[in-house]
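Please keep the sequence and the coordinates in view while reading.

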Amino acid sequence: MRIRSAEVLVASPSRNFVTLRLTTEDGIVGLGDATLNGRELAVASYLRDHVAPLLIGRDAHRIEDTWQFLYRSAYWRRGPVTMSAIAAVDMALWDIKGKLTGLPVYQLLGGASRTGALVYAHASGADLDDLADSVHARIEEGYKAIRLQVAIPGMGGGYGISSGRASGGRYTYEPAKRAGLHVEEGWDSSRYLRYLPTMFEWARAEFGPEVMLLHDAHHRLTPVQAARLAKDLEPYDLFWLEDITPVENQESLRLVRQHSTTPLAIGEVLNSVWDFRTLVQEQLIDYVRASVTHSGGITHLKRIFEFAGQYQIRSGSHGPTDISPVGMAAALHLDLAIHNFGIQEHMAHDRLTDEVFRTGFSWHDGAMHPGDAPGLGVEYDDDAAARFPYEPAYLPTARLVDGTVHDW
Ligand code: CS2
Ligand code: MG
C-alpha cells in the first residue's frame with residue numbers, strides 16, 4: 001500500500017492549523033496534525049520541502065520504520081519543529097492503517113482500557129465573580145475537572161484569562177494574538193504568590209471538595225517560589241499544579257518535592273522520551289504533559305507514557321486549541337488504550353474550527369470518547385478551509401515590572 005501524495009494544508013479557522021494529508025495509491029486518506037503555535041510555517045516547510053518527497057512511494061503500513069527513518073536519517077534530532085513534523089506523518093499513517101483494517105485507532109493500540117478519557121476544561125476570569133461564571137458554565141457542560149486561572153489584582157494584563165467571546169459563543173482563552181505581532185503582558189511573581197492561595201481557598205468554599213481543580217503557572221517561578229506555592233496550595237487538594245518552574249532546569253523540582261505533596265505536571269514544551277529522563281526517573285512529577293502533536297505522534301507519545309508508567313507517573317496529554325481536532329482525536333485514541341492514563345486537557349475548539357474539521361467525539365460523565373469510525377475518525381473540509389487563509393499570530397511576551405523579559 002504505497003503513499004501517492006503528501007499535502008500540507010494550512011488554514012486559520014479562528015486560529016492557525018497545519019494538517020498533513022497522506023493519500024495512498026488506493027485513495028485511502030490519512031490526516032496528521034502538525035500545528036506549532038506561533039511557528040506554524042516552519043513545520044509546514046519542514047514537511048513540504050523535506051519530508052513529503054521522501055514519503056512518496058513508501059509503504060503506508062510501515063509506521064515504526066517510517067518513524068525511525070524520519071528521526072534518524074535527518075541526523076538533527078528532537079526539537080519541536082522536527083518532532084511535530086514526524087508526529088503528523090505518524091498520525092496520518094495510523095489513520096490510514098485504521099481505515100485499511102476498518103478499526104478505530106485505539107483498537108490497533110491494544111483496545112480500550114477504559115470507557116472514556118476524563119477531560120479537564122479551562123475556566124478563567126478577570127476577577128472572582130467572572131471566574132465563578134466561567135466555572136459554573138464548565139460544570140453545566142458536564143466537566144468534572146477544571147483548570148482555574150484568574151487575573152491577579154494590581155498586576156495589569158490578563159495572564160491566562162480569556163479576552164472575549166469567540167465565534168462559538170463561549171468565552172475561550174486563546175493566548176496567541178493575531179492583532180499586533182507582539183503583545184506584552186506584565187508579570188509580578190510576588191503578587192501572584194500572595195493571591196493564588198486566596199483564589200483556591202475561595203474556589204473550594206464556592207464549589208466544594210468534589211470538583212477536580214488544576215492550575216498552570218507557565219514556567220514563571222524560581223525553585224524556592226515554586227516550593228512555597230506548592231506548599232501553600234496543599235490544603236486545597238489540587239489535581240495538579242502545572243509548569244511551576246522552567247522545564248530546562250529539571251533538578252529544581254527536587255526542592256519543590258521536599259516541601260509539598262501537591263501533584264505536579266510538566267512537559268508540554270518537551271518533545272521526546274529522552275527529555276523526560278530526570279523528571280521521570282527521579283519521580284519529580286506526577287503527570288506527563290507532552291502532546292501527541294509536538295512529541296512525535298502516537299508512536300512516540302506512547303513510548304513516553306509507558307516509560308513514565310514504570311514510575312507510577314500518569315499521562316496528562318496537552319490539549320489546548322492549538323492541538324487541532326486531528327491531534328485531539330489521536331490523543332483520545334491513545335488515552336483510551338494506555339494503562340497509566342491520568343487526564344486529558346480539553347480546550348473546546350470553536351464553531352469555525354469545527355466547520356473545517358469534522359469529528360465523531362462523544363461525551364459521558366466528564367469523559368470523552370473519539371468514536372468508532374475507522375482510523376482517527378476526523379474529516380477535513382477543503383471548501384471550508386479555503387475560507388480561512390493563514391494569519392500570522394504570536395504568543396504574548398511577559399515582562400517584569402522593571403521591563404525584563406520573563407518566561408511566558
Ligand atoms: C497551556 C497552553 O494548555 C496549556 O496548558 O500551557 O495553552 C499553552 O499556552 C499553549 O499551548 C501555547 O501554545
Ligand atoms: Mg500548560
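In this predicted model, a polar side-chain atom of Arg289 lies 2.9 Å from an oxygen atom of ligand 1, which is a polar contact in the sense of a pair of N or O atoms within 3.5 Å. The side chain of His218 places an N or O atom 2.8 Å from an oxygen atom of ligand 1, and for the side chain of Glu242 the corresponding distance is 3.0 Å. The protein covers 94% of the 330 Å² of accessible area that ligand 1 has on its own, as computed by the Shrake-Rupley method with a 1.4 Å probe.

Around ligand 1 there are 15 residues, of which Asn37, His218, Glu268, Arg289 and Glu345 come nearest; a residue is counted here if one of its heavy atoms lies within 4 Å. This shell comprises 7 charged, 4 polar and 4 nonpolar residues, where Asp, Glu, Lys and Arg count as charged, Ala, Val, Leu, Ile, Met, Phe, Trp, Tyr, Cys and Pro as nonpolar, and the others, Gly among them, as polar.

At the level of the chain, the domain assignment, automatic or taken from a database, gives domain 1 (3-104) and domain 2 (117-373). Their C-alpha centres lie 26 Å apart. The contact between them, meaning heavy atoms within 4.5 Å, takes 29 residues from domain 1 and 35 residues from domain 2.

Residues are numbered from 1 along each chain as its sequence is written, while chains are lettered from A and ligands numbered from 1 in the order in which they are written. Local features need pLDDT of at least 70, side-chain atom pairs count only at pLDDT 80 or more, and totals for chains, interfaces and linings use all residues, with side-chain values based on heavy atoms and with hydrogens and water left out.

Terms used:
Polar contact = N/O pair within 3.5 Å; in protein donor to acceptor, adjacent residues only side chain to side chain.
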